[in-house]
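Here is a friendly briefing to read alongside the sequence and the 3D view.

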Amino acid sequence: MKQKAASTSAITSLGDAPDEERKARMIKYATSMGIRVVCIIACFYTPGWWLLIPALGAVFLPYFAVIAANQVTRTGGNQVERPGSIVLSGQGPQS
């Protein structure tokens, strides 16, 4: 039977590294812009009223892509774990 390795505790909970966080935001933005390009190309091949769907996607996706790309996630960066109570040697807990 395999046992899980014991996890270590940290004094502070750090968020993602700035480079990793920036990379994730860039991937979200690039994906949104790729979908926009597909919408623009679909505008040339979509007949009738169906043209409205890719046209609206091509117009409004940049706005939502910028909003999503500028959304910075803070994952526990300011939380400090409180150590347990300190008991001096020779003294028990006080009531």
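Arg-25 sits in helix H1, which covers residues 18-45. Please keep in mind that this is a predicted model. In it, the side chain of Arg-25 comes to 2.9 Å from the backbone oxygen of Ala-69.

**Around Arg-25**
- Leaving aside residues up to four places away in sequence, Arg-25 touches Ala-69, Asn-70, Gln-71 and Val-72.

**The aromatic pair**
- One aromatic pair is found in the structure.
- The ring centres of Tyr-63 and Phe-64 are 5.2 Å apart and the ring planes meet at 75 degrees, so this pair is edge-to-face; the cut-off for that label is over 60 degrees.
- Are the two partners buried or exposed? Tyr-63 and Phe-64 are both exposed.

**The protein as a whole**
- The secondary structure consists of two helices and zero strands.
- The protein has 95 residues, and 13% of them count as buried.
- Among contacts with a separation of 6 or more, 77% are between residues 24 or more positions apart.

Terms used: Residues are numbered from 1 along each chain as its sequence is written. This is a predicted model: local features need pLDDT of at least 70, side-chain atom pairs count only at pLDDT 80 or more; totals for chains, interfaces and linings use all residues. Side-chain values use heavy atoms; hydrogens and water are left out. Rings of Phe, Tyr and Trp (its six-membered ring) pair if their centres lie within 6.5 Å; planes under 30 degrees apart count as stacked, over 60 as edge-to-face and the rest as tilted. Buried means under 20% relative accessible area, exposed over 50%, partly exposed in between (1.4 Å probe, protein chains only). Helices (H or I, at least four residues) and strands (E, at least two) are DSSP runs, numbered from the N terminus. Contact means heavy atoms within 4.5 Å. A polar contact is a pair of N or O atoms within 3.5 Å; within protein, one must be able to donate a hydrogen and the other to accept it, and residues adjacent in sequence count only if both atoms are side-chain atoms.
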